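Biologist: Please take me through the terms used for this model, and set each value against its definition.

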Amino acid sequence: DALVRAAARSRGLVLLIDDLHVADDASLAMVHYIARQAARSRLLIVGTARSGVENEGLATLRGLVGRHGAREVHVGPLGPDHARELVAQVADAPAETVERIVALGGGTPFYLQEMTRSLGHQGDAGLPDQAAAIAAGAFRGLPESLTDVLTRVAVAGERVDTDQFVALSGLDEAEAFDMLDQALAAEVLEHTSGGYQFRHGLMRESLLDGLAPHRRRLVHREAAARFEAMGAPPSRIYHHLVAAGDLAAAAPWGLLAARAAEAVGALSDARAVVNAVVDHAEDQTRVEMLALRADVLTGMGDPGAVPAYQLALQETEGPMRRLLRAKLARAALMGGAVEVAMATLDGLEPDGGPFDGPVLHAQGMLAYFAGDLDTAEACAEQARQYALADGAPAALLDVLTLQGMVSHNRGEWFDRMRVELTSTADSKELASTIFDCH
């Protein structure tokens, strides 16, 4: 946000973001956040999305229409005159051929361009209909070996980098680079700042449409194996295993992917991953997924967090039950279910184990909601010692929030804030955590 505002301050800034319909929830949320600032800056954001595609993130973006200076523009097909101009830019064709292309293209620029390109391969007689325009225009005349490699790359996703292209091709590096050069020369792939992508998303889709379901599952499974071998992010491996229909194998990778999504605040993404494979997970993976889903729902403020923790508790054994009981009590208190929290914490006391901090925090929260500020403060002070341990900034945030609530009720808010900020001045991580808390 600061970078965008700084760039817009001097001469103004235009951000063009294409294909929003394939963006993840976290990216759409970022666009939504920046877009809300546009009305107060010299900033114009132009985002495109394919019609007929809808998801929660896009719906949230459309919610800006009519506010913050946002407008929605529906772009229809090209008219006949503009379609003829576009055809003429690609090739010099007889008038009758141009009219046939215009009629078949339906005003879609990509179809018009690809059908015109196909004239060099088959002439007028080979003009394809709309559904086959991509394959005819872009892939006709390419070696079968190259088309096979491109199909594997298409399965991998919207974009690939050089290492991924080599891994997916199944060839050695020299042969893979030769294939990459051929694809670039044929203008099937294009180079971007992030690697390589198909010149148009419809070209990728045409390759995928040509794969039989069983063949597509096999390619996804092979892609997952190759990405695992090259140490790719868990989310990528998870995606391919799910697409291959192997949900049991996808579950462990899904757990890692969901944790990574939760760590960066992409809570809805984490929830979607867990929900997709948790019923196919086994043993400890399932237990950890159930607990993670409850944590994610708590972070989203979803009342479903309480039953989610209760389900996780049913399948959890050992010391981890103490942590889940503390988290369940906290989620219940956040939802106003004080009696549920009291029943959950009944008999749960610090025992010198690793989860005493969360237990003390939950007890302090319960005392606070019961109006016992002295007990709440005492619990918070004890829990603070655990929260100051290395790697526990999130726990410290919880404890400081409770301390702030107690201080505020006593009229000591600003004194507490001054003391906290001063005492943590030497630690950037603690200082920022305390600042966010207050």
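Predicted model: local features only at pLDDT ≥ 70, side-chain atom pairs only at ≥ 80, totals over all residues.

Modeller: Residues are numbered from 1 along each chain as its sequence is written, and side-chain values use heavy atoms, with hydrogens and water left out.

Biologist: Why is T316 called buried?

Modeller: Buried means under 20% relative accessible area, with a 1.4 Å probe and protein chains only; T316 has 5% relative accessibility and therefore counts as buried.

Biologist: What does T316 touch, leaving out residues up to four places away in sequence?

Modeller: With contact taken as heavy atoms within 4.5 Å, T316 touches V287, R321 and L324.

Biologist: Which residues touch the most other members of the largest nonpolar core?

Modeller: A nonpolar core is a set of buried Ala, Val, Leu, Ile, Met, Phe, Trp, Tyr and Cys residues joined through side-chain atoms within 4.5 Å; of the 84 residues in the largest one, L150, F165 and F198 touch the most other members. Another core, of eleven residues including L86 and M115, lies apart from it.

Biologist: What makes the residues lining the largest cavity five nonpolar, two polar and two charged?

Modeller: The lining consists of V153, G157, E158, R159, V160, L189, Y196, Q197 and F198. Because Ala, Val, Leu, Ile, Met, Phe, Trp, Tyr and Cys count as nonpolar together with Pro, Asp, Glu, Lys and Arg as charged, and the others, Gly among them, as polar, the lining divides into five nonpolar, two polar and two charged residues.

Terms used
Buried < 20%, exposed > 50% of the residue type's maximum accessible area, 1.4 Å probe, protein only. 1 Å grid on protein atoms, 1.4 Å probe; cavity = no way out; pocket = protein on both sides within 12 Å on 5 of 7 lines; lining within 4 Å.
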